[in-house]
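Here is a briefing on charged side-chain pairs. Please view the model first; the notes follow.

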Amino acid sequence: MAKSKEMTSGAPLPLILNFTIPLLLGNLLQQTYSFVDAAIVGKFLGINALAAVGASTSVIFLILGFCNGCCGGFGIPVAQKFGARDYVTMRRYVYVSLKLSAILSVVIAFVTSVLCPYILRWMQTPENIMVDANKYLLITFIGIPCTFFYNLFSSIIRALGDSKTPFWFLMLSTVLNIALDLLCIIYWGWGVAGAAIATVISQGVSAYLCYKYMYSKFEILRTEPSDRRFRSDLAKQLMAIGAPMGLQFSITAIGSIMLQSANNALGTACVAAFTAGIRIKMFFLCMLESLGMAMATYSGQNYGAGKPDRIWHGVKSSMKMVVIYCIFVNLVLWNFSEDIALLFIDASETEVLEKTAFFLHVSASFFVLLGLLCVLRYTIQGAGYTQLSMFSGVAEMIARTLVSRIAVPLWGFGGVCFGDSIAWIFAVCFLIPAFRYVYRRLIDIVEKERQYTLYE
């Protein structure tokens, strides 16, 4: 039987690091999906096909970000009840989250699939890549239930302290994704559509394996008939936490859409450079995202156990790791950006290579702010204050919108490159006082509970 793991005692740094490493490997594998797609598309189908894959990146992030945010939110009450050792309520949360996910994923998949062509028109997608961009986006949206359930099952397993198992399943599906990419794009000649099909099938395999493992290996998840009843009160609580987390990603993505729309209007070379730059940047920010996800589980368990002091120690330990990692990223990206970009772009495309390198240099310079953003945002979410963390997404949206409206018309692709960095600054300026507020609230809650216990 698989073992759940509590993070409510022991030194925070090794606990968080050990929990982060499997998450990091899993995130790297997820990025390998898009990395391999873009590399194979760019090398075998050309710059126009690469631009078609990347033209809707921010829209995909808008929709899948909402789905993934909801799934992460659904896992927070599970982590809190696990930390409090209230396993009956924990199982009921799990069952209700499955029902909600089935409804949400199907509805979102249907609506977004219908709206595909309108979305691409609104984003000023160049006409020469419109057909391929529509194919890629449509297939990705049809596969939303696969992505939704993989992230839900992974979130639940992580809430129980097991961050390793989702990684192994994801590794298997990554190998499958690469094999299907080669078959669909090169052997069967399905073009850009083949890249999307390979990714959807791979996510579906991951979801199925996580589901089978979760219910066969974790005894504390084995339900009684009374646990398998849909409870509207629990559903409301799950949506109250999950929806703001999903909206946070979506609100953030709205700013990204504005920025990408402005970039799309600059021409195919800028779209291709942005696509390659985003793929590479996402690969390197996996560590920061993984550390944040670890802090969500760590924060949730310690909140449930009534130990807010450990949450603060966890934030400090995480930031030490952020600083060390960001030094490494800057060394790599400032020296090898064009070499890495050659994985996607032919050496003859010098303009695209130069733009990609500049994009990565700017991003790397601000990575430490992104690390602070991830740690504080996920810590606040883990404590259950998801509505508060959502406003950091609003700050990012405002920043990217201002850049797309002011900086891009003035400085072109240079303005696009600074869009994310300025958004991170806006979000951190909100999150620092927000975390201080949440931390004080947690201390007050614990103190009141102690006084009440003594009085009783």
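The side chains of Lys281 and Asp420 form a salt bridge, with N to O at 2.2 Å. A salt bridge here is a side-chain nitrogen of Lys or Arg within 4 Å of a carboxyl oxygen of Asp or Glu. The structure holds five salt bridges. This is a predicted model: local features need pLDDT of at least 70, side-chain atom pairs count only at pLDDT 80 or more, and totals for chains, interfaces and linings use all residues. Residues are numbered from 1 along each chain as its sequence is written, and side-chain values use heavy atoms, with hydrogens and water left out.

**Lys281 and Asp420**
- The pair links distant parts of the chain, 139 residues apart: Lys281 is in helix H10 (residues 268-284) and Asp420 in helix H17 (residues 419-455).
- Helices (H or I, at least four residues) are DSSP runs, numbered from the N terminus.
- Both Lys281 and Asp420 are buried, meaning under 20% relative accessible area (1.4 Å probe, protein chains only).
- For Asp420 the relative accessible area is 7%.

**Arg400 and its partners**
- Glu396 and Arg400 form a salt bridge, with the closest N and O atoms 3.2 Å apart.
- Glu396 and Arg400 are separated by about one helical turn, because they are four residues apart in helix H15 (residues 386-411).
- Arg400 also forms a salt bridge with Asp420, at 2.8 Å between the closest N and O atoms.
- Arg400 lies in helix H15 and Asp420 in helix H17, so this pair ties together parts 20 residues apart in sequence.
- Arg400 is buried, at 4% relative accessible area.

**Network**
- Shared partners join Lys281, Arg377, Glu396, Arg400 and Asp420 into one salt-bridge network.

How values were computed:
Helices (H or I, at least four residues) and strands (E, at least two) are DSSP runs, numbered from the N terminus. Buried means under 20% relative accessible area, exposed over 50%, partly exposed in between (1.4 Å probe, protein chains only).
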